Amino acid sequence: MILAPSLLACDFGRFADEARRAAKAGADWLHLDIMDGHFVQELSFGPEFVRVIRSVTRIPFDVHLMCARPEVFIESLARAGANLMTVHVELGDRVGPLLWKIRSLGKLVGLAVSPPTAVSQVVPYLNQIDLLLIMTVNPGSGGEPFIQEMLPKIQQAAIWRHERSLNYHIEVDGGIDCATAAACARAGADVFVSGTALFGQRHLKRALEKMRRAVTAGAPPLATHATAAR
Ligand code: DX5
Ligand code: ZN
């Protein structure tokens with residue numbers, strides 16, 4: 001299980017301290033949302049910001065590119081300290097070259113699918129990725145309610161992983177708190193991004209421990225993942 005607090009929900013006046021706080025509290029990864037004002041309406045931060053945060057912590061950076069032209073940022077994000085970069089399947093025939101580019105830079109490769117998009121769109125790429133991100137809210141902002149209807153997508157992703165003997169992570173992002181994390185774990189997810197429900201807590205360490213317990217209680221024993229999803 002990997003818990004990845006999303007920095008989008010932190011105190012923006014204290015980015016570096018917040019990144020350190022998450023690492024010290026026991027987060028496994030830090031989730032960094034790059035929003036370009038085109039793919040989604042909002043703007044967040046870019047490679048220079050990632051570089052600054054990298055200088056204060058060694059925690060793995062899980063970088064989620066909600067960008068219409070991720071190719072513009074991938075190399076600078078790699079240099080800035082990203083460990084994993086995720087692009088959206090909605091970019092169509094540019095997805096293949098983007099995944100290849102991320103891999104060629106020696107980084108882990110992620111592919112995301114937004115709520116309105118059929119999960120079957122990711123099938124051609126399954127054997128090229130390290131992580132499949134099932135968005136559980138429409139991308140663009142934090143604090144949105146979890147969309148229950150995404151649970152079958154997680155189950156499907158777990159079935160494909162089992163049937164094809166692949167080992168990509170299944171990540172969920174959007175509206176993740178203890179209850180929804182447990183439901184996602186039951187469906188087969190193993191990476192949990194959470195902004196508001198974690199950074200909103202004064203005691204981040206306690207909040208992470210609580211979420212870890214909820215996920216453990218929700219998750220079926222490993223061997224039964226695929227059967228449970230059917
Ligand atoms: C949403 C972003 C998320 C966001 C999640 O578009 O991709 O990473 O920070 O925030 P919460 O957990 O508040 O829904
Ligand atoms: Zn995200």
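User: Before we start, what counts as buried here?
Analyst: Buried means under 20% relative accessible area, with exposed over 50% and partly exposed in between (1.4 Å probe, protein chains only). This is a predicted model, where local features need pLDDT of at least 70 and side-chain atom pairs count only at pLDDT 80 or more, while totals for chains, interfaces and linings use all residues. Side-chain values use heavy atoms, leaving out hydrogens and water, and residues are numbered from 1 along each chain as its sequence is written.
User: OK, are phenylalanine 15 and phenylalanine 49 buried or exposed?
Analyst: Both phenylalanine 15 and phenylalanine 49 are buried. For phenylalanine 15 the relative accessible area is 16%.
User: And how do their rings sit?
Analyst: Edge-to-face, because the planes are at 80 degrees, with the ring centres 4.3 Å apart. Rings of Phe, Tyr and Trp (its six-membered ring) pair if their centres lie within 6.5 Å; planes under 30 degrees apart count as stacked, over 60 as edge-to-face and the rest as tilted.
User: Which parts does that pair tie together?
Analyst: Phenylalanine 15 is in helix α1 and phenylalanine 49 in helix α2, so the pair joins parts 34 residues apart in sequence. Helices (H or I, at least four residues) and strands (E, at least two) are DSSP runs, numbered from the N terminus.
User: How many aromatic pairs in the structure?
Analyst: Four. One of them is phenylalanine 15 with phenylalanine 45, edge-to-face at 5.9 Å centre to centre and 80 degrees between the planes.
User: Which residues end up in the cluster?
Analyst: Phe12, Phe15, Phe45 and Phe49, linked by ring pairs.

Notes: Chains are lettered from A and ligands numbered from 1 in the order in which they are written.
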